[in-house]
Amino acid sequence: MLRWLARRIIAAALVVFVVTSLVFVVTHVFTDPATVSLPLEATEEHRADRRAALGIDRPLAVQYWDFVSGLVVGDLGESFWQDQPASKLVLERLPATLKLVAGATAVTVLLAAPMGMLAAWWERRFADHAVLGFSMASISAPPFWIGYLLIIVFAVQLGWVPTFGSRGFISLILPSFAIGLASAGRLAQMTRRGIVEELRKPYAVTALSRGFSRSYTIVHHTFRNVASGFVTMTGWELTRMFTGYTVVIEVVFAWPGVGRLAIHAIENRDLILVQAAVVVLATLVVVTNLLVDIARRMIDPRVELA
Amino acid sequence: MTAVDDTMSSGADTGAADAAPPEGVTVLSDLRSHLRKSKAGISGILICSVFAVVATIGPWLPFIKDPAQQSLPDKLTPPVGWGGTWAHPLGTDQLGRDILARLIDGARISLLVGLAAVFIAAILGTALGLIAGYVGGKIDTLIISAADVQMAFPGVLAGLILVAAFGPSVWLVIIVIAISSWMVFTRVGRGLVLTLKTSLFVEASELSGAPSSRVMWRHLLPNLVSSLITLCVLELAAAILSESAFAFLGFGVQPPRSSWGLMIQQGRNYITDGWWIVTFAGLAISIVVLGVNLLSLWLQSFNDVAEREQIILERPGG
């Protein structure tokens, strides 16, 4: 177990290293932060000054070494839009993003598990079709549009919740649903499929024929066997959230998270800050994948120690 | 020796039979009868065809206004049924432009970006998957590691950094969507090749001296097509959704061109006195993506052999 863990951690660190190097290639080889920060009509002199100020006039290898050694100690460069260390700006916004992802994950799991079980319980009956309908609708609608619909109905028309910003728990509700509905739709179908397959296996047929009710068999027998797949898929949804949904939903709800910071940084031509946000989000994705692997291993010891 | 010859010739026959026309004809007629049984398949094909037609000939449809025509006195006219008139069936936006005309104009961008991105991803991804699966060894390890890294660095992040570096453009969006989807084709293609590689017809072709390129192109690829088409449809749904998200963030099409995602971005300041802008634009995206998803659901069920046999058995006279 320990050896497996060590190997997984090294592999994860390697992926982070490759991804950040790719980011460096885009931000320093194809273009550079000074060029991006200046308007097109800036004079050559002005550009040279800015390059020197940012240390971009040095050889690429030296810059790369600086970048990598900075990463190791958590230094992601200096944001020239905010005049502060980029890592500090990103880390300040990180709790908001994590809160949002936690809320969305709660919505996802709390909707998907019962819906999947209900659909499998009443296979090919009304509940099953209703859950399929919900899944198809939720995965087909863009999350940012769901966000605006929720705002129009619950904030503007009914006035139950605040429209924008983060004011405590209540303002977390709408964005969590905007992100979580699509994930719940995918996960519910996967759960249903898993349980239906398991119900055909001998152990489940035995349980049923010994007189256990369908609901008891699903909750106590088959769902446990689907659980490891459920965790893996939840992990997948988490990575989707970190990298796509949160960015868009943070813009919709004016949520002060890392994604919205990155969008503002793009608007202000602050390449260093965008780079810092992307590096942090990509690292979160890798860490999530690692945690999912460990969780799977703990839930289901049959999972191969690959 | 004769035994070997027999295996070889029968192997070669299997390979030839895979590409023979009678096989294809049965698949097509099966597909048609399968479609008649499937409400999801019919609705999916219907929605997708309407979308494709509107996107292609939209501007030449009768009674459609100029999507760029502004008319400030008519701004924020509600749709028919909410106090509007048939002059603007779906109402107008903050500049008095006709929503219906702008939706039709936006369909074009969604279709173009979606198809282009999936096309690039499918070609690149399948080629890499074929090579990884067939050649194996170090090349396989390299390609699969690249796919794993790509999984950890999904589209929107790549999009953020590329837009920050090069500025927004439609081409950039196409490339970003393509690079966030190629590894799906690589993984599926590689998996299928690994199982096919040991088949008799592949071995026969190798033994008869065919170069790897010919084995991959003539014998392996045709066997991947049906799975890959299903995958293309699935990825098309994702690509259209991604395009709308990028357009919404302002990374794709720039005004005055319109796109569904961009309409939502521009309409979001008017959700109190002009809810229809955001609502109809989002509805257009959702319906099209739903159509593509239904199509993919049906194709998957057709590729699922057990379910197909069930439906063929139920066929009257079958």
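At what angle do helix α5 (residues 86-121) of chain A and helix α11 (residues 258-267) of chain A pack, and how far apart are their axes?

Analyst: The model is a predicted one, and every value below is computed from it. Helix α5 of chain A, residues 86-121, packs against helix α11 of chain A, residues 258-267, at an angle of about 135 degrees, and the axes of the two helices are 7 Å apart. Angles of 65 to 115 degrees would count as roughly perpendicular and those over 145 as roughly antiparallel, and α5(A) and α11(A) are therefore oblique to each other. On the side of α5(A), the contact is made by Leu89(A), Val90(A), Arg93(A), Leu94(A) and Thr97(A), while α11(A) brings Val258(A), Gly259(A) and Leu261(A). By class, the residues of this contact between α5(A) and α11(A) divide into 5 nonpolar, 2 polar and 1 charged. As background to the spacing of such residues, an α-helix has 3.6 residues a turn, so residues three or four places apart point the same way.

The C-alpha atoms of chain A fill a box of roughly 85 × 55 × 30 Å along the principal axes, and 42% of its 306 residues count as buried. Where contacts in chain A join residues at least 6 apart in sequence, 72% of them link residues at least 24 apart.

The domain assignment of chain A gives domain 1 as 1-73 and domain 2 as 88-299, and the C-alpha centres of these two domains lie 32 Å apart. Their contact takes 12 residues from domain 1 of chain A and 12 residues from domain 2 of chain A. On the side of domain 1 that touches domain 2, the elements giving two or more residues are α1 (2-30) and α2 (33-37) of chain A, with α1(A) supplying the largest share, 9 residues. That side of domain 1 divides into 8 nonpolar, 3 polar and 1 charged residues.

One further helix deserves mention, namely α4 of chain A, residues 60-72, whose 13 residues reach 18 Å from the first C-alpha to the last, close to the 18 Å expected at 1.5 Å a residue. Just after α4(A), Gly74(A) takes a positive phi of about 80 degrees.

Notes. Residues are numbered from 1 along each chain as its sequence is written. Chains are lettered from A and ligands numbered from 1 in the order in which they are written. This is a predicted model: local features need pLDDT of at least 70, side-chain atom pairs count only at pLDDT 80 or more; totals for chains, interfaces and linings use all residues. Domain bounds come from an automatic or database domain assignment. Two residues are in contact if their C-beta atoms, placed from the backbone, lie within 7 Å. Helices (H or I, at least four residues) and strands (E, at least two) are DSSP runs, numbered from the N terminus. Ala, Val, Leu, Ile, Met, Phe, Trp, Tyr, Cys and Pro count as nonpolar, Asp, Glu, Lys and Arg as charged, and the others, Gly among them, as polar. A residue is buried if 20 or more other C-beta atoms lie within 10 Å of its own, exposed if 12 or fewer, and partly exposed in between; C-beta atoms are placed from the backbone. Axes are lines fitted to C-alpha atoms, for helices over the stretch in contact, and angles run from 0 to 180 degrees between N-to-C directions. Angles under 35 degrees count as roughly parallel, over 145 as roughly antiparallel, 65 to 115 as roughly perpendicular and the rest as oblique. The expected span of a helix is 1.5 Å times one less than its number of residues.
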